[in-house]
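Keep the structure open beside you as you read.

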Amino acid sequence: MLGRGGKVVAAIDQGTTSTRCILFDRDGHRRGMSQMEHRQIMPRPGWVEHDAVEIWRNTRRVIADVMAEEEWSAADVAALGITNQRETTIVWDRATGEPVYNAIVWQDTRTDSMCRKLRDDIGEDRVRRITGLPVSTYFSGPKIAWILDNVEGARDRAERGELIFGTVDTWLTWNLTRRHGKALHVTDVTNASRTMLMNLETLEWDQSLCEAMGIPMSMLPAIVSSSQYLGVVRWQGPLHNVAIGGILGDQQAATFGQACLEPGEAKNTYGTGNFLLLNTGTVAQRSDHGLITTVAYRIGEDLPVYALEGSIAVTGSLIQWLRDNLGLIPDAPSVEKLAKTVDDNGGCYIVPAFSGLLAPHWRPDARGVIAGLTRYVNKGHIARAALEATAYQTREVVEAMNRDSGVSLTTLRVDGGMVENDLLMQFQADILGVPVTRPVITETTALGAAYAAGLTVGFWESTDEIRAMWREDRTFGPDMDADRRDALYAEWGKAVERTLGWVED
């Protein structure tokens, strides 16, 4: 498939709250986009689910819509890349394609008791040594086991080889390539590294961990590189016969899209949650300060590139909560306008531990708080506190990353929907004390998937060409004295302490 023509590369960006299809030209410019939100299903406190069939239906719709915008044809599309919300777990029938249960989302905490048992049975240190991950409800392995244990007949069917597992990339690839009862059942190394089932060094499924969680290895997809030819789209839609050339988990895709391709380069994505990744090169550097060791990407047969990651569960979704649950704002962009009606947070701090705290705390027992309330506090202060919560959580992760790497961050590249909020970006620079740089193209998750697919087919020749296309939009310099910065951060730390130990088994 090398050397395929075409005017654009398509990227499917399947996220936690919506699905997008974006077309990019050779200069990395966006040539079309369609987006659809999907339902957030929350049957119990701590449970978060999606309808996998709805996600596939929305994926078909956004592909059709973006291709119709300028009457693009499949011949215009050089390749397709896929990026996805990671860890979200789907189990479906190998023959019919019917999911046996809703997708269990990465934010879901129902497997907490199972994770405690895993820590007792096999040990946290052993899991970290094999996978680079802590034992946590965040990851896919325990979610698979929960489905097998709680959906009637699922375990027997899985052991007979009738059921298969996939994260969302696997689910979409399977459906896109399904024809005459056959389909590709694959996942790339970045997504596999988030399951708590893959050996970080060998890039293969670990039999001992599968056995410990009671997961038949016949359920698992083949592990492939992030940038390689996988096959063509068989779905009879606008992308029929287009090559699938790249798959990356969303945060790794954003790292690739931000051209953080050398050791020491870092980016932070501001989406449903926040995810800070530091490229550590071909060395899987282990963390002593609450970070994750993960695969950043792998191109073809090259050595894998690793990263340290700080994962924050709730940032952009806190703004959604203000909109949907409290009715405080009519839409997400309005939060900046409301926050600007006040000069500071009025002593109010929000710690959005809706489903516990991830990095660097890893406390599933935490729950959200609004602290420091007085009669003085109004809705403007609450809006500002919600934005500031994102910046404080990012500082926690940056400090952990500085300690792990031994090198202090000197600038931060940012992307994602929230970076259009200038108030947040300025406060982020202030509370970190380092410049924050926003690129011209902020849809770097989709762009990274497009780059990976385009490299496969020769649409772009090399990572050097990708690096040359990165362009700065604006840099926010810190404008707060160190004493005030540290005082605010200390107050945040007091609020975090109030969240811990809230949930008791």
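What follows goes from a domain in a record to helices, single residues and cysteines.

This is a predicted model, in which local features need pLDDT of at least 70 and side-chain atom pairs count only at pLDDT 80 or more, while totals for chains, interfaces and linings use all residues. Residues are numbered from 1 along each chain as its sequence is written, and side-chain values use heavy atoms, with hydrogens and water left out.

**The domain in the record**

An unreviewed UniProt entry puts the feature "domain: Carbohydrate kinase FGGY N-terminal" at residues 9-257. UniProt positions follow the numbering used here, feature names are shortened, and annotations may be inferred rather than shown by experiment. Helices here are DSSP runs (H or I, at least four residues), strands are runs of E (at least two), and both are numbered from the N terminus.

**Helices that are covered up**

How many residues of helix α6 (residues 168-177) are buried? The count is 10 of 10, so to speak a mostly covered helix. Buried means under 20% relative accessible area, exposed means over 50%, and partly exposed is in between (1.4 Å probe, protein chains only). Among the buried residues of α6 are Trp171, Leu172 and Trp174.

Helix α13 (residues 422-432) is largely enclosed by the rest of the structure, because nine of its 11 residues are buried. Those include Leu423, Met425, Phe427 and Ile431. Have a look at the ends of this helix too. At the start of α13, a side-chain oxygen of asparagine 421 comes to within 3.2 Å of the backbone nitrogen of leucine 423. That is a polar contact, a pair of N or O atoms within 3.5 Å; within protein, one must be able to donate a hydrogen and the other to accept it, and residues adjacent in sequence count only if both atoms are side-chain atoms. Just after α13, glycine 433 has a positive phi of about 75°.

**Helices that cross**

At what angle do α9 (residues 250-257) and α14 (residues 444-457) cross? Their axes come within 6 Å and cross at roughly 75°, which makes α9 roughly perpendicular to α14. The residues making this contact include Ala253 and Phe256 of α9, along with Leu447 and Tyr451 of α14. Contact means heavy atoms within 4.5 Å.

Axes are lines fitted to C-alpha atoms, for helices over the stretch in contact, and angles run from 0 to 180 degrees between N-to-C directions. Angles under 35 degrees count as roughly parallel, over 145 as roughly antiparallel, 65 to 115 as roughly perpendicular and the rest as oblique.

Helices α12 (residues 379-405) and α16 (residues 482-499) pack at about 95°, with axes 11 Å apart. They are therefore roughly perpendicular to each other. Tyr392 and Arg395 of α12 and Tyr489 and Trp492 of α16 are among the residues in this contact.

**Some single residues**

Here are a few residues with their relative accessibility.

| Residue | Relative accessibility | Class |
|---|---|---|
| Tryptophan 362 | 15% | buried |
| Arginine 471 | 30% | partly exposed |
| Threonine 137 | 7% | buried |
| Serine 34 | 10% | buried |

Tryptophan 362 sits in the loop between β17 (349-351) and β18 (369-371). Proline 134 is 228 residues away from tryptophan 362 in sequence, yet the two are 8.3 Å apart in space, C-alpha to C-alpha. A polar atom of the tryptophan 362 side chain lies 2.7 Å from the backbone oxygen of glycine 290.

Arginine 471 belongs to the loop between α15 (463-469) and β21 (472-476). Its side chain reaches the backbone oxygen of methionine 469 at 2.8 Å. Leaving out residues up to four places away in sequence, arginine 471 touches Asp27, His29, Pro439, Val440 and Ile441.

Threonine 137 is in the loop between α3 (124-131) and α4 (140-150), and serine 34 is in strand β3 (residues 30-37).

**Cysteines**

How many disulfides are there? The count is zero, where a disulfide is a pair of cysteine sulfur atoms within 2.5 Å. Take cysteine 210: the closest cysteine sulfur, in cysteine 115, is 15 Å from its own sulfur, too far for a bond. Cysteine 210 is also buried, at 1% relative accessible area, and cysteine 348 is buried at 0%.
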